[in-house]
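Colleague: Could you walk me through how to read the domains and the ligand site in a model like this?

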Amino acid sequence: MSERVERQNDRSVAEEAGSPPPQLAARLQRGPLHVVVLSGAGLSAASGLATFRDADGHWARYRPQDLATPEAFATRPEVVWGWYAARFRAATAAAPNAGHLEIARWEDRFASLTVVTQNVDGLHQRAGSREPLELHGSLLRARCTRCGRYLAMAEAMTCPGTPPCCDCGGRLRPDVVWFGEALPYDALARADRAAAAADLFVVAGTSAEVYPAAGLIEVAARAGAFVVEINPRTTPLSPLANLRLAGSAAEELPRLGRWIAP
Ligand code: BV8
Ligand code: ZN
């Protein structure tokens, strides 16, 4: 395994001039890359959307078990629905930032690019990423707990009741994955395969605390991928990073892009 490079903000003169750190340069010389990006709430912070575990994040104000579990929805459906409806309005009012746009620019620039996200805000799609794997579902969709029908969140919010009801009388819920719920099988299987085959694995804006999503970083590192972590703070999986860019994803992703997809 190549040596770990712990980097804070010490930008060498070469880097400032635009050339990549030596370990990354060596990897880039090996030829076409299979690239995987794993994003978390920190990527959308620069778009004005709250993260979960930062000091000003959702979990600083609420307990996850009160809002992001099936039990919470069963006992206080109107509170859970209200929280997701507010986050849906915030997400639709937000705009993709330079980090989302940079990742979208990487489409068709590598042997393969797999965008995997824990985010449910839909900003990758709006930035132009063709098919992000949404491991935790999407705020932009609702589904019926009785007949399983899917509908756009915007439409669901016009249905009667709080939470709104489906035509069949069933209760509608946000189409997101709560704690204790299984991730979508196909998205997770594709993400796992991509991580195991990755040459370059870019982790942007995640605390790496939620599994099985965070486990993808371990899969990639074990398979020999060059791991780049973009986060102003270290995480439990920082030791697996070959390169850490300690800053905002909105700035560090374009900087990384100048090195890997000039
Ligand atoms: C499951 C709903 C099984 C959607 C969320 C193994 C070990 C330990 C625990 C478990 C395990 N396996 C399963 C578990 C239990 C649990 C879990 O992981 N618990 C943890 C907390 C201990 N996992 C589950 O329950 C999962 N389900 O495994 O089911 C199963 C199998 C079969 C059948 C039945 C069941 C489900 C996990 C999904 C839960 N849903 N939310 C929503 O409302 O959004 S979790 C929530 O956390 C969000 O989805 C979010 O995406 C996710 C991860 O958070 P992050 O995105 O990382 O955000 P966070 O705030 O934490 O961090 C932000 C980071 O950004 C910070 O590091 C910060 O420094 C950085 N940052 C800030 N600003 C910037 C920045 N970075 C860059 N630029 C910036 N500007
Ligand atoms: Zn229904």
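Modeller: Gladly! Domain bounds come from an automatic or database domain assignment. Here the chain divides into domain 1 (1–49 + 96–136 + 185–262) and domain 2 (55–93 + 139–176), with 29 Å between their centres, taken over C-alpha atoms. This is a predicted model, where local features need pLDDT of at least 70, side-chain atom pairs count only at pLDDT 80 or more, and totals for chains, interfaces and linings use all residues. Residues are numbered from 1 along each chain as its sequence is written, and side-chain values use heavy atoms, leaving out hydrogens and water.

Colleague: What is the area buried between domain 1 and domain 2?

Modeller: Buried area is the accessible area (1.4 Å probe) that two parts lose on being put together, summed over both. For this pair it is about 560 Å², and carbon and sulfur atoms give 53% of it. On the domain 1 side, Leu 49, Val 120 and Arg 126 lose the most area to domain 2, together 60% of what that side buries.

Colleague: Which side chains meet in a salt bridge?

Modeller: A salt bridge puts a side-chain nitrogen of Lys or Arg within 4 Å of a carboxyl oxygen of Asp or Glu. Arg 141 and Glu 134 form one, at 3.6 Å from N to O. The count between the two domains is one salt bridge.

Colleague: And how many residues surround ligand 1?

Modeller: A residue counts as near if one of its heavy atoms lies within 4 Å. By that rule 34 residues surround ligand 1, with Phe 52, Arg 53, Arg 87, Thr 206 and Ser 207 the closest. Domain 1 and domain 2 each supply at least three residues of the shell.

Definitions and conventions
Chains lettered and ligands numbered in written order.
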